[in-house]
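Reader: I would like to go through this model with you, with the criteria stated as we go. Could we begin once the sequence and structure are shown?

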Amino acid sequence: MDIDELIDDVIMREGGFSNHPADRGGATRWGITEAVARAHGYQGRMDALPVQLARDIYRNQYWLTPRLNRIARHNMLIAAEMFDTAVNMGPGVAVRMLQRALNALNRRARDYPDIDVDGLIGPATEAALGGFLTVRGKTGHTVLLKALEALQGERYIALAEQRPANEAFLYGWLANRIGS
């Protein structure tokens, strides 16, 4: 598994053009919202957004900029989960979920120091992830993935509770984003 495969999977899952009235993101193509496309210089109709531009946006905005490639050096499955969350909820949210989970799993800082939950991957976050994976061994990444998915699922339910229009998407979010 590599970033190209992750991007292909997202594009396949997100599909073509959508403009659901309950979706605050408005018109999307390949899962890229109009606002994101415009921020990357695209001026055309959203239903004509080129797939290569979508691929470039996914690679730059949701993989390289938040430094998920650094997480992949430690564990590709964790990076893949974070990429999926970043695409659907934003890179900062995905990183904060990792940081929260690492802090909660460090046994009161006995295994590695607590880190700031700032949504940025830097040396402290990488060191905490490395420390966690070293201490917890072969099963560590599986437990961390469960923690990340639990946080993601809780956030989806909270979004539906806070904005009833999001209930239109909750079933699909849980079916396609949690444990997939």
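Reader: Are Tyr58 and Phe83 buried or exposed?
Author: This is a predicted model, in which local features need pLDDT of at least 70 and side-chain atom pairs count only at pLDDT 80 or more, while totals for chains, interfaces and linings use all residues. Residues are numbered from 1 along each chain as its sequence is written, and side-chain values use heavy atoms, with hydrogens and water left out. Buried means under 20% relative accessible area, exposed over 50% and partly exposed in between, with a 1.4 Å probe and protein chains only. By that criterion Tyr58 and Phe83 are both buried.

Reader: Which kind of aromatic pair do Tyr58 and Phe83 form?
Author: Rings of Phe, Tyr and Trp (its six-membered ring) pair if their centres lie within 6.5 Å, and planes under 30 degrees apart count as stacked, over 60 as edge-to-face and the rest as tilted. For Tyr58 and Phe83 the centres are 6.3 Å apart and the planes are at 70°, which makes the pair edge-to-face.

Reader: How are the rings of Tyr156 and Trp173 arranged, and which helices hold them?
Author: Tyr156 and Trp173 are both buried. Their ring centres lie 4.9 Å apart with the planes at 25°, so the pair is stacked. Helices here are DSSP runs (H or I, at least four residues) numbered from the N terminus. The pair ties together parts 17 residues apart in sequence, because Tyr156 lies in helix H8 (residues 140-162) and Trp173 in helix H9 (residues 167-177).

Reader: What is the orientation of H6 relative to H7?
Author: Axes are lines fitted to C-alpha atoms, for helices over the stretch in contact, with angles from 0 to 180 degrees between N-to-C directions. The axes of H6 (residues 91-104) and H7 (residues 123-136) come within 10 Å and cross at roughly 50°. Angles under 35 degrees count as roughly parallel, over 145 as roughly antiparallel, 65 to 115 as roughly perpendicular and the rest as oblique. The orientation of H6 to H7 is therefore oblique.

Reader: How exposed is Asp47, and which residues does Asp47 touch?
Author: Asp47 is found in the loop between helix H2 (34-39) and H3, and its relative accessibility of 33% means that Asp47 counts as partly exposed. With contact taken as heavy atoms within 4.5 Å, and not counting residues up to four places away in sequence, Asp47 touches Phe17 and Arg29.

Conventions
Helices (H or I, at least four residues) and strands (E, at least two) are DSSP runs, numbered from the N terminus.
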